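Please keep the sequence and the structure open beside the text while going through the points.

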Amino acid sequence: MKTVYRVVFVSKKSQNIILKAEQLSIGYKTKKAETVVASNINFELQQGQLIGLVGANGIGKSTLLRTLIKVQPALSGTILLDDKDLKSTSTTDLAKQLSIVLTEQLTSKNLSVYELVALGRHPYTNWIGNLTDKDISIINSSLKQVNIFDLKDKRCYELSDGQLQKVMIARALAQDTDVIVLDEPTTHLDMYHKAYILKLLQKLTKETGKTILFSSHEIDLAIQLCDTMIVMRKDDVVCGQPCQLISKGVFESLFPEDLILFDDKSGSFRIKK
Amino acid sequence: MKINYKYQFIALSVILLLCFFVNISLGSISIPMDSIFGSLFGTIENSTWEVIVTDFRLPKAITAILVGSGLGISGLLMQTLFRNPLAGPFVLGISSGASLGVALVILGSGLFGSLFATALISKWSIVIAASLGSFLVLLAVLAVSNKVRDTMAILIIGLMFGSITAAVVSVLSYFSSAEQLQQYIFWGFGSLSNLSWDELLIFFGIYLIGLILSIASIKGLNSLLLGDNYAKSLGLNLKQSRLIIILATSLIAGTITAFAGPIAFIGLAIPHLTRQIFKTSNHKVLLPAVFLYGAIVILICDSIAQIPGSDYTLPINAITALVGAPVVIWLLVRQRKMMF
């Protein structure tokens, strides 16, 4: 009798890792040339965390996010979403796993808040988009989670930037996905609303167990609120808890040092005197 | 909560029915109302009035409904697809393609020799030329749109095709006789009449295919309201839906142009007029509303074109713009806001 040995690799951690990048290289490809924006990106994101992506202008934050949400292909390397290769995930399946909030303007603002949030149910509705009772209750709870239930009959063109951002977050919630990716959700907002939106995202990760990844220039707010941060620098991409990153001195090298300096006691940048 | 437009829909349907009967009752020969109903429901037979009503006025009214609703719907599809309130059913170069086809037949017949000239210029040859022309331009646009990712680029390519065909038409008209030019210009006026029941059947068949494709696109159109990237993130197959929307528009607008000539204005204006009453961008509401609205407006325009009590019939193409454009301007000025 022969004994068959089977070697099974089990990684304990991979059970709650939702999004993983391995040797990822991002950029733009044309027929003639390949423009690499960033390469050698590796990170693992835990489920239920709030993750902030920071870096200087033009460093490739948006490119990385666009690659992660499959708007543009990766140059090389793999992205694993829930242990499945993003490349082989169909658009219809992806719509049930990952939702997005982008910086781009809405094509039409003539929709009511309710109608817009209801669009988030599209991956689940029938051919003409009829809402079932389940859809309606999910839409209502999404509206309540971001505190905009009383805005539901307003038209989108009547809303302020801050309100519209909340509506877009509610729409992403209604899509009922494990991961929500937001591209610079705090632009155009005042200081209070920047903090409000990021605090709201933190609350949502705690309440819903969803993983929320956002890019932002609000580094000090991100340090205070995020569970994990991805820092994009000129030469590398670092991922870790904010306090670890501070003690490693990652933020000092984020920007050119002629103007602003990182103060690791307060966790924020100061003008150089 | 969900806003219900039930009353608006009932009101519009009643108005449509009313306009339909008013349209049939008007014409160069005045026929009393009871005889019209008699002819419609077959209680009066073998009279001249019955022939006029069933073979001329009824097909014309039905053509009007198909033309008005079809142009309105294809305008709506194009405005959403191209995210542009100025888009209409003809932005893809459909009407210019049809014009080119017709121009080649009417104006170019001199080039084929006088022998063929009379054989070529029949009703059907114009219909076939117009369909063929718009179909070829459509194929070119579709081929390009499969390569080009950007929706705006398709819009500009459509306009370029329009410029090319307009140039060819000018060259052709430079070399043609006054008689041929007149005939071409008359086609350009648009006409809802002269369609036999057989022609109407073919017209309706193609229109129906386009309509079904449009209804199937409602969900995709709604997610396109967020923008291309959002639509994709909602699981929409962007390329495929874009293809279906363009195909639906081309089928509807192409056949309309083939059978009724290039009727301007309706396709652009009806969606805007509709949005003034149905204050939403939800296509599940807008599509049926645009259908009713388009049919009503063109029936009214056609009734005016008859000039009640006279023998003249004005070109429908002029009336639609003459009556419709001031209404749109007035509505937009009053609302001070373009809703899209």
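1. In chain A, strand β4 (residues 76-81) and β5(A) run antiparallel and are joined by 2 bridges; strands here are DSSP runs of E of at least two residues, helices are runs of H or I of at least four residues, and both are numbered from the N terminus. Two strands are said to pair if DSSP finds at least two bridges between them. Within this pair, A:Leu80 stands opposite A:Asp85 in β5(A).

2. The model is a predicted one, in which local features need pLDDT of at least 70 and side-chain atom pairs count only at pLDDT 80 or more, while totals for chains, interfaces and linings use all residues. Residues are numbered from 1 along each chain as its sequence is written, and chains are lettered from A and ligands numbered from 1 in the order in which they are written.

3. The β4 and β5 strands of chain A belong to an open sheet of 4 strands with the order β2-β1-β4-β5 and antiparallel pairing. Its edge strands are β2 (34-46) and β5 (84-85) of chain A, each of which pairs on one side only. Helix α1 (residues 61-68) of chain A packs on this sheet and touches β1 (17-29), β2 and β4 of chain A, a contact being two C-beta atoms, placed from the backbone, within 7 Å. The direction of α1 makes about 120° with that of β1(A), where axes are lines fitted to C-alpha atoms, for helices over the stretch in contact, and angles run from 0 to 180 degrees between N-to-C directions.

4. Elsewhere in chain A, β6(A) and strand β7 (residues 179-182) pair in the parallel sense over 4 bridges, with A:Leu98 opposite A:Val179 in β7(A). Are the two faces of β6 (residues 98-101) of chain A covered or uncovered? Both are covered, since A:Leu98 and A:Ile100 on one side and A:Ser99 and A:Val101 on the other are all buried, that is, each has 20 or more other C-beta atoms within 10 Å of its own, with C-beta atoms placed from the backbone (12 or fewer would be exposed, and in between partly exposed).

5. Chain B has 15 helices and 0 strands. Its 340 residues would, as a compact globule, have a radius of gyration near 20 Å, and the 21 Å of chain B agrees; the radius is taken over C-alpha atoms, and the rule is 2.2 Å times the number of residues to the power 0.38. Buried residues make up 46% of chain B.

6. Residues 124-145 of chain B are 100% helix, with end C-alpha atoms 31 Å apart.
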